[in-house]
Amino acid sequence: MPQTADQTTYLNDLLQRLEGVGVDGRAIAAPLADALQGDLAPLLAWARERGAGFARSGQEVRAAIQEMVSVGDALSGLPDAGQDLATSLLDAAVGGYMTAGSSPQLDTTDHLKDRLAELTALHRVNSAANSSLKLSDMLNETAQAVVAVTHADICSIFLYEPEWDQLVLTATSGLGTGAVGNVRLQLGEGITGWAAMSGKPIAAKDAWAHPRFKYVPALQEDRAVSILAVPVVLFTKEQLVGAITVHTFEERDFSDNEIKFLETVAGEIAIAIENARLYEQTDSQLRQKVIELSTLQGVSAHIAATLNLSEVLALIAHQAAHLVHADAAAIYELHADAGILEQVAQYNLRAPDHNIHQGKAAPRVILDVEGSTIAHAVMRGIPAPLPPDADAHLGLPAASEGYRSMFCVPLVAPRGIMGGICLYDEGERTFSEEQVRLLDAFAHEAAIALENSRLYDAALRGLQTKSAMLQEMNHRVRNNLQTVAGLLSMQLRRMAPKGEAATAVRESIARVQSIAAVHDLMTRGDVESTSLYELASNVAEAVVSTLNRPGFNLTIDIDASTEQIRVGSHEATLLALLLNELVSNAILHGFAGLIEGEIKIRAWLEERDSEGKAELTSRPAAPTVRIEVSDNGIGIPESFDAQEDANLGLNIVRTLVVSDLRGDFKIERKENGPGTVATFSFVLSQVE
C-alpha cells in the first residue's frame, strides 16, 4: 500500500527519534514503514535480529533490553495490534538473544522471562510516573503492573495522610473502585499499617495466622491467604509516603526477588508521588491565584460599571468579603475635616436574607476619629489586623457580635485616604502576605471607584442644578415673550385690519410667538436639544393662529422623518425664526386669491461622497441637515430675483442662514406644479 505524504513525514520523524537513541535508521526504515501500514511482523523480526546480534557480540542481555525500552519509547505512537508495543519488542529481542546461542550470562529461560517481566513492569511504572503528574493515573498503572508481574490476585496502594496519621486506599487492581478513598487504616493497624509504621516489608504465607492481621471486608481479605506489604518511603527525606500490599487467594511463599521487586516499585513511585503531590499543591495554589486575580478583575469591572454611590458601596462590601471568604465586611468613610468615621455599607453572611450577589446598605454609624481604633488604623494607610471588638465603646454593632478576628484595609485614592474596609471572621484567622497584597490592590481599585462615584455624584447634582436654572430661565423668557406678544396684539386691535402696519405687527407677533414656542419646548423637555418635528409643529401652530385669514382652508404637512433630527437650543431659536418667516411668507403671499392651500415641511440628513456630491442617507454620517418648505400656491414670479425682490421676511431668512448658521439658502418655483420651494442647509453643531 503506497504511503501518503503525512505518513512519509511521520516516518522520517520516527527515524530521527530512533537515530537519537543510537539505532541505525537504514536497517529499521522498511520494517517501520510496514508498521505504519498496520503490519508489525517485520518490526518484531527486526527486534529479534537485534537481540541475536547482542548475543553474538557477547554483550549482556541488559543492553538489548535497554535498547528496546528506548525504541519502545520512541515508537509509542505506533499501532500495536492490541498489545503494548514496548513489551512486544522486549519479548522479541530477548527471544532472539536466547535463540542466538548459549551465553554463560543466561541462567535459565524461566529466570530470564521473570527478569524480563520485572523490567517491563518497572518500565511501565517509570513511564507512568514520568508521563503524568496525575496521581491516580500513575498509581493505577503501578497496581496493574505489580499484579501482572507477581501474579497476585489483588494489589492495593495506600497513601499516608500525616494530619490524620492514617493510610488511605488510593489505587487498586483486583478490587472494586468503591473501596478507593473509603478504606482507611491507622498507622500500625493490620499487616499493611504495621509494615508502614516499621518501615520494613512483611510477608505472611498465612495471613490470618499473623499476629498483625486485621480483617477489612472492603479489601476482600476473607479470600486472602497470603499477603505481602511493603512500605513506600521517600529516603531523601526519611519520610513515609504510603504502602503497597499484594494479596493472593492461594497459599504462597513470597521470594526474595519478589520482595525486592516490590521494594524497587515502592522506591520508583515514592519520588513520583512526592512530585505529584507537590504539583497538585502548586497547581492548587496556581488555581487559587487565578481565581483571586479573576475575582479582582471581575470586581474592577463591576465597580467600574456603575457610578451610583450607594451601589458602589454595597458592591465593594460584598466583593471584599467574597474575595477572601470573610464572614462579614464593613465600609467606613473618613470625613477628616469633620473628625468622624462613618459606616456606610456592610455585608454579613449571618443575615437570614443574605444574598451572595448583593450587599446591603448599613444603618449609619458615626465614630469619633479621636477615640476610634479603626479610624487610627485607616489614617495610617497600612493594612493591619485589629481586635475584633475594636470601637465597641463607641457603639459599633460589629464589635459586639462575637467575631474572633478582624482585618482593616485602608481605601487609599490618588487624592488621599477615603476610608477603610474591615473584614470580620468568626474564627481565628491570619492573612498571608499574598492575601494582604491582594486586598490592598482591591482596596486601591475600590478607592478610585469610590472617588469617581463621589465626583459623578457631585457632577450629577451640579447638572441637576444647572438644568433647573435653565428651565427657570427658559420659563421666564417665554413668559416675557408672551407678554410682548400680548402687548403687540393690544396694539393691533387699534389699527386698520388690512393696513400695512397691521400686517407688520401680525408678522412681529408671529416671530415673538415662534421664539416663545422654542422656550416652551425647552421648559417642558430637554433643555439641551429638541426634535425638529416638535419645533416645526409649534412654530406652524403659532403662525397659523396669528396670520391665517378667516375662511381659508390651510393644511400643514410636517414629514415624520423630522422626528429623528434633533437640534441644540441655539439652533432651535434660529430655526424657529426661519420656519416662521417661510410659513408666514407662504400664507401672506403664496396663497393670494386662493381658498385653500398646503404647506409641506420636510428635512433630511446628508453626507458627502468622495466626489463631493450630496448623497441622501437615513443615517447621520455627517452632521449636515437640509430643510425644505414648499407650498402649492401661486408661486413666485418667473423673473423673481432673490437678491433684489426679496421682502423683509426673506431677507431675515437669508441673513440668519448665511450669517448665523453658516449655511446655504435658495427659493424657486416648483418644477412639476404650482407653488414655491424654499430650501436651506447648514451643519449641525450636535446630532443626537
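I began with how axes are defined: they are lines fitted to C-alpha atoms, for helices over the stretch in contact, and angles run from 0 to 180 degrees between N-to-C directions. I noted that this is a predicted model, in which local features need pLDDT of at least 70, side-chain atom pairs count only at pLDDT 80 or more, and totals for chains, interfaces and linings use all residues. Residues are numbered from 1 along each chain as its sequence is written, and side-chain values use heavy atoms, with hydrogens and water left out.

**Entry one: two helices**

I looked up helix H3 (residues 41-56) and helix H4 (residues 61-74), which pack at an angle of about 150° with their axes 9 Å apart; helices (H or I, at least four residues) and strands (E, at least two) are DSSP runs, numbered from the N terminus. H3 and H4 are therefore roughly antiparallel to each other, a term for angles over 145 degrees. For the contact (heavy atoms within 4.5 Å), I found Trp 46, Ala 47, Arg 50 and Phe 54 in H3 meeting Ala 63, Ala 64, Glu 67, Met 68 and Val 71 in H4. By class, I noted seven nonpolar, no polar and two charged residues there, where Ala, Val, Leu, Ile, Met, Phe, Trp, Tyr, Cys and Pro count as nonpolar, Asp, Glu, Lys and Arg as charged, and the others, Gly among them, as polar.

**Entry two: the sheet**

I then traced an open sheet of six strands in the order E9-E8-E7-E12-E11-E10, with antiparallel pairing; two strands pair if DSSP finds at least two bridges between them. Strand E9 (365-368) and strand E10 (384-386) are the edge strands, each pairing on one side only. The twist averages 30° from one strand to the next. Strand E8 (residues 340-348) pairs with E9 over four bridges in the antiparallel sense, and Ile 340 stands opposite Asp 368 in E9.

Technical notes
Angles under 35 degrees count as roughly parallel, over 145 as roughly antiparallel, 65 to 115 as roughly perpendicular and the rest as oblique.
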